[in-house]
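Morning, everyone. Let me put the model up, and then we'll walk through it.

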Amino acid sequence: MNSIQPVNVGLLGIGTVGGGTYTVLARNAEEIARRAGRPIQVFIVADSDIDRARALVGDSCQVTDEPFAVVTDPAVDVVVELIGGYTVARDLVMRAIENGKHVVTANKALLALYGNEIFAAAQQKGVTVAFEAAVAGGVPIIKALREGLSANRIEWVAGIINGTTNFILSEMREKDLPFADALSEAQRLGYAEADPTFDIEGIDAAHKTTLIAAIAFGIPVQFDKAYVEGITKLEALDIRYAGQLGYRIKLLGVTKRRQDGVELRVHPALVPEKRLLANVEGAMNAVLVKGDAVGATLYYGKGAGAEPTASAVIADLIDVTRAATTDPDNRVPHLAFQPDQLHDLAILPIEEAETAFYLRLTVEDRPGVLADITRILADEGISIDAMLQKEPEEGKGITDIIMLTHVCREKEANAAIRKIEALSSIRNYVTKIRLENLQ
Ligand code: HSE
């Protein structure tokens, strides 16, 4: 790039986010140029739907259905990858890097799985791979972690980073709906895709948490070690009981530094309703970061959608433009820490995670049942924090007991649950949901 010419962007994919990126770049062109030091323009667009692309961009730039022509085009300075997935997108990003292009991407799946090789290739080539849009859409959490909080030893991060599931959980709570009905509603309103697997099974949130963990602690991306549990098995009943105890259930991405390693997990969790994070409703995202110096900071906003995500993509384009003339060694490192300073802290298995627990037990309503249960918990060193017992339904002789425990190791909770489930007075399996106090 020289200092007079505009920066030429090759846009791969002009669907929702690509369209938003094109629109915002055009609408705010003057302010963006004032910030970046030079204009940033879409030079060429690749999309399988050429008519759609042409309808949006008119004659303002070239349009092609051949994305490899974009990543090898000598006139392109920065490739914006908005195709998604990790097959073609991976080849395109690697080819762009080989050709000396900077890359801006919203593709969390690609980076969570192949980030280590992609960042290494970029480092070697002296180009940047920027990915603010990959985590929490328009919320600048990557920037905050990588730059704003760089004085801190980050202790933990907990986020609501999947809008689809947060919308479904809000619907389940507010309307007392079962999961399947809330999912249908999310699909009807366009919050959930026709195939919602990545969202509802927690995979999308795990991709994002993997990236957060890498940047927070200076470790390689390790999606394969993440514990991933979605919301498909959550029952409206548990959301109701949690509410009676003063908690809301959220799908959290949690990563925590411990002496012996790093916790990296995505699962539904009870959060005290007095916490701001518990009050993030609908499709919104929020990330809570605990640093040793700053304390807790919270980042909130839209985690998806055309212009919110474009906001993050364009912020990266501006950063890349500003940094283009700097020595690559002096740029902000991809994973916040210098590449030769990454640590190989172990990702801990979920059995070693430390959380409190919500346990729901369906039991026979007769003397000694509660005593048996509390004895098992005591034997495993698990302390009870709160308890709720429902009146038995007339004539049925069984009732629900809900217990909240203090923090313990997951393997201790599992051992206790196995013993409790073996009691003759217990009907069904014990329902276990983790609880995060976020203090
Ligand atoms: N599918 C994601 C969500 C948005 O529901 O939040 C893109 O990351």
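Ala312 is found in helix α13. Helices here are DSSP runs of H or I, at least four residues, numbered from the N terminus. Ala312 is buried, with a relative accessible area of 3%. Buried means under 20%, with a 1.4 Å probe and protein chains only.

A word on the source. This is a predicted model, where local features need pLDDT of at least 70 and side-chain atom pairs count only at pLDDT 80 or more, while totals for chains, interfaces and linings use all residues. Residues are numbered from 1 along each chain as its sequence is written, and side-chain values use heavy atoms, leaving out hydrogens and water.

What does Ala312 touch, beyond its neighbours within four places in sequence? Glu132, Ala133, Gly137 and Gly138 are in contact with Ala312; contact means heavy atoms within 4.5 Å. Take Gly137. In sequence, Gly137 and Ala312 are 175 residues apart, yet C-alpha to C-alpha they are 6.6 Å apart in space.

Next, the partner helix. The axes of α2 (residues 29-36) and α13 (residues 306-323) come within 9 Å, crossing at roughly 35°. Those axes are lines fitted to C-alpha atoms over the stretch in contact, with angles from 0 to 180 degrees between N-to-C directions. From α2, the contact uses Ile32, Arg35 and Ala36; from α13, Ile314, Ile318, Thr321 and Arg322.

Last, the ligand. Thr164 has a polar side-chain atom 2.5 Å from a ligand oxygen atom. For Asp199, a side-chain N or O atom is 3.0 Å from a ligand nitrogen atom. For Asn162, the distance from a side-chain N or O atom to a ligand oxygen atom is 3.4 Å.

Key: Helices (H or I, at least four residues) and strands (E, at least two) are DSSP runs, numbered from the N terminus. Buried means under 20% relative accessible area, exposed over 50%, partly exposed in between (1.4 Å probe, protein chains only). A polar contact is a pair of N or O atoms within 3.5 Å; within protein, one must be able to donate a hydrogen and the other to accept it, and residues adjacent in sequence count only if both atoms are side-chain atoms.
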